[in-house]
Amino acid sequence: MSWMYATMPMAGVEILWPGLVILGFGVGVIGGFFGIGGGWMVTPGLNILGFPMAFAIGTDLTHMAGKSLVSTFRHARFGNVDYRLGTVMVLGTVCGFEAGAQTVMWLERLGKVELYVRLAYLVLLAIIARVIVADLRSRGRFPDDPARTPRSGIRLSERLRGMRLPPVVRFPYAGIQCSLWLAVGVGLGTGWLCGLLGIGGGLVRVPALVYLLGCPTHVAVGTDLFEVAISGLYGAATYTYKGRTEPAAALIMLLGASVGAQIGSVATKYVRGYRIRSLLAVAVLGCAMSIVLKLLATIQPLARGALERAATVLILGLVAALAFEILRQFVVGVRRERSGAPERTPHAAR
Amino acid sequence: MMPKCAVFPEVTVRLACDAVNKWRAFWMELYAENRLHFTIATILVVLFVGALLGILTDSLMKRLGIDLNSRKAGEE
């Protein structure tokens, strides 16, 4: 089975290359489907496949920089990007990002990067799982009713925007006015998390833009993609310069991700919003489980081999199964549409 | 008097080029010689491949009847 392993010259590790293809394509489909980049699955996935954590972060960021370029241009053409807000936030994002990257380098010198970044991932995934489960429960009886959207976040953004620490800036596309420091602060916090975890940050930045700054959702998504493109480029550059990127792996994943992301984004047309959230919950919990197995492998040296294999099988199996399910829904939806059958899937309430 | 370490022969470190192909050897050499050039080359290649694949898949999807560049599809 040695032909299934490729030497990664920069990281100096042997990697199961079909795993990279599955991860790239699968995460592309999943990321396009959920409307997020999927970096939160790629970094742990690469780490579980055998990349040292700093290389997993750098490689994920590099493939993301290539992936986000086209979607950013697309949203810019739709007028969904608030460039003034994006430019102000970039100041904080880049500073936060570098702080995150330096934190990783510092943890690597201490020999603690694997443990602490995995724990940080577990905390992040636990928070996301909690939010999704709460949302699913609150909508349990009326799964696709938009009127049941929680409003506490909107009140928080109004309170934050009320703090008029000068200079106060108006952001025309987003239609909001707030202190420059609030926008920079949001960029700084989300940037640090992105630099530390090697994610694009859509998962935290879009909710932050909506619930802390009060952006309309479509402007939040477009402006977030602008931030992802800039911070992805910066992240790729800084991690590559630090010698923590594997370009070959990034390119293999980019190939799969570009095709997968388009299929995933179109598949959302055929699936109910409630089902999308349920699948996201499965993805988050499965990813957390594989990280726990990898952590246990470091604690239990006797069962290390078995636990590492189980973590690899779980993450790759999860990505492949979810991608397969999304592809299935996509094919069924397209067939139904072409045969002229009435659409079964109202998606307006996503 | 010669320092003690000078009695050791000069050590030349070479890449194990037989284990990797030419393309990989080029990147490894670039990495070893100039980190800045390596970074710029990596970013340019990734951006070029990303843009190329994006444009290719966009046109492929358009042929399948899904225009991702239309506002309606984008909002969906």
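1. Helix α1(A) is largely enclosed by the rest of the structure, because 14 of its 18 residues are buried. It should be kept in mind throughout that this is a predicted model.

2. The helix in question, α1 of chain A, covers residues 17–34. From its first C-alpha to its last it reaches 25 Å, close to the 26 Å expected at 1.5 Å a residue.

3. The largest nonpolar core holds 86 residues. Those that touch the most other members are A:M8, A:L20, A:W40, A:M41 and A:F51. The element that gives the most to this core is helix α11 of chain A (residues 273–299), with 12 residues.

4. Which residues does A:M41 touch, leaving aside those up to four places away in sequence? The contacts are A:V27, A:I30, A:A283, A:C287, A:I315, A:L318 and A:V319.

5. Over all chains, the whole structure contains 3 aromatic pairs. One of them joins A:F97 and A:Y234, whose ring centres are 6.2 Å apart; the planes stand at 90 degrees, so the pair is edge-to-face. This pair links distant parts of the chain, since A:F97 lies in helix α4 of chain A (residues 83–110) and A:Y234 in helix α9 of chain A (residues 217–241), 137 residues apart.

6. Are the two partners of that pair buried or exposed? A:F97 has 0% relative accessibility and therefore counts as buried. A:Y234, with a relative accessible area of 28%, is partly exposed, because the cut-off for a buried residue is under 20% and that for an exposed one is over 50%.

7. Another aromatic pair belongs to chain B: the rings of B:Y31 and B:F38 have centres 5.1 Å apart and planes at 75 degrees, so this pair is likewise edge-to-face. B:F38 counts as buried at 1% relative accessibility, whereas B:Y31 is partly exposed, with a relative accessible area of 23%.

8. As to chain B as a whole, its secondary structure comprises 3 helices and 0 strands, and from the N terminus on the elements run α-α-α. The chain has 76 residues, of which 25% are buried. Its accessible surface is about 6,000 Å², and carbon and sulfur atoms account for 65% of that surface.

Methods. Residues are numbered from 1 along each chain as its sequence is written. Chains are lettered from A and ligands numbered from 1 in the order in which they are written. This is a predicted model: local features need pLDDT of at least 70, side-chain atom pairs count only at pLDDT 80 or more; totals for chains, interfaces and linings use all residues. Side-chain values use heavy atoms; hydrogens and water are left out. Helices (H or I, at least four residues) and strands (E, at least two) are DSSP runs, numbered from the N terminus. The expected span of a helix is 1.5 Å times one less than its number of residues. Buried means under 20% relative accessible area, exposed over 50%, partly exposed in between (1.4 Å probe, protein chains only). A nonpolar core is a set of buried Ala, Val, Leu, Ile, Met, Phe, Trp, Tyr and Cys residues joined through side-chain atoms within 4.5 Å. Contact means heavy atoms within 4.5 Å. Accessible areas come from the Shrake-Rupley method with a 1.4 Å probe; for residues, only the protein chains shown count as cover. Rings of Phe, Tyr and Trp (its six-membered ring) pair if their centres lie within 6.5 Å; planes under 30 degrees apart count as stacked, over 60 as edge-to-face and the rest as tilted.
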